[in-house]
Amino acid sequence: MSSFSSTAQVQLTTDRLALRPWTLTEAAAVLDGTRPVHWADDFPADGDHVIAGLFEEHPAWLGTYGHRLIIERDSGLVVGSIGLFWPPSEGILEIGYGVVASRRGRGYAPEATRALTEFALTAPGVHTVCADVELSNAASVRVLEKAGFRRWTTEGDLARFRATSPERHGR
């Protein structure tokens, strides 16, 4: 179960992880190749470079319901990132995630995805969190299934998964 406060910069915590919003300083470090000591040796991954490069174009991604760093609570190291592509469209938010290779296989991605999805479903007007995954990416499919997402549709090589608020399950 995650916990959160009412501040603008909400940090979510799980048993093993902290999900903390990115800062502009961290995004700049990713883009210019600076290596803070609190990053795992293989952070940032390619996807983190892409996200850091888009913050200027999408400032809401740095807000309360935006992108976060995945931090191992035991070591204090940043081991990945996860985010919501704010704002929602018709009550639906997309989620994306990545954990560095050195920390894969530990269940961090589903744990982080569950926590951020639970939090996202508390946002005003949000009833669904979704993710699109290539069927060839079996690991990402497993992440979503373990996080409680259900396959919504499949088109060609792409599967769309979703998690909905409890109030919508009966609809």
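This report walks through some strands, helices and a pocket of a predicted model.

## Strands side by side

Let's start with strand β5, which covers residues 92–99. One of its partners is strand β4 (residues 78–84), and the two pair in the antiparallel sense over five bridges. To find one of these contacts in the structure, look for glycine 83, whose bridge partner in β5 is glycine 96.

Strand β5 also pairs with strand β6, residues 128–134. Here the strands run parallel, and three bridges join them. Glutamate 94 stands opposite cysteine 130 of β6. How does the chain get from β5 to β6? The path goes through helix α3 (residues 108–120), making a β-α-β crossover that is right-handed.

As you trace the strands, keep one general idea in mind: side chains in a regular strand alternate between the two faces of the sheet.

## The largest pocket

Now for some empty space. A probe the size of a water molecule, rolled over the atoms, shows where such space is left. In this model the largest pocket has a volume of about 790 Å³. Its lining is made up of 33 residues, and those nearest the centre are Tyr97, Gly98, Val99, Ala109 and Ser140.

Which elements give two or more residues to this lining? They are α2 (46–54), β4, β5, α3, β6 and α4 (138–146). The largest share comes from β5, with six residues. Sorted by class, the lining of the largest pocket holds 14 nonpolar, 10 polar and nine charged residues.

## The two sides of helix α2

Helix α2 is worth a look from the end. Its buried residues are Asp48, Ile51 and Ala52. Viewed down the axis of α2, these buried residues fall within an arc of 100°, so they line one face of the helix. What about the face turned away from the buried side? That face of α2 carries the exposed residues Asp46 and Val50.

## A buried arginine

Finally, find arginine 68, which sits in strand β3 (residues 67–72). Is arginine 68 buried or exposed? The relative accessible area of arginine 68 is 0%, and buried means under 20%, so this residue counts as buried.

Notes. Residues are numbered from 1 along each chain as its sequence is written. This is a predicted model: local features need pLDDT of at least 70, side-chain atom pairs count only at pLDDT 80 or more; totals for chains, interfaces and linings use all residues. Side-chain values use heavy atoms; hydrogens and water are left out. Two strands pair if DSSP finds at least two bridges between them. Helices (H or I, at least four residues) and strands (E, at least two) are DSSP runs, numbered from the N terminus. A crossover is right-handed if, with the strands pointing away from the viewer, the path from the first strand over the helix to the second runs clockwise. On a 1 Å grid over the protein atoms alone, a cavity is a set of points where a 1.4 Å probe fits but cannot get out, and a pocket is an open set with protein on both sides within 12 Å along at least five of seven lines; lining residues have an atom within 4 Å of a point. Grid points are joined across faces, edges and corners, and a volume is the space filled by probe spheres set on the points. Ala, Val, Leu, Ile, Met, Phe, Trp, Tyr, Cys and Pro count as nonpolar, Asp, Glu, Lys and Arg as charged, and the others, Gly among them, as polar. Buried means under 20% relative accessible area, exposed over 50%, partly exposed in between (1.4 Å probe, protein chains only). The arc is that of the directions from the helix axis to the C-beta atoms.
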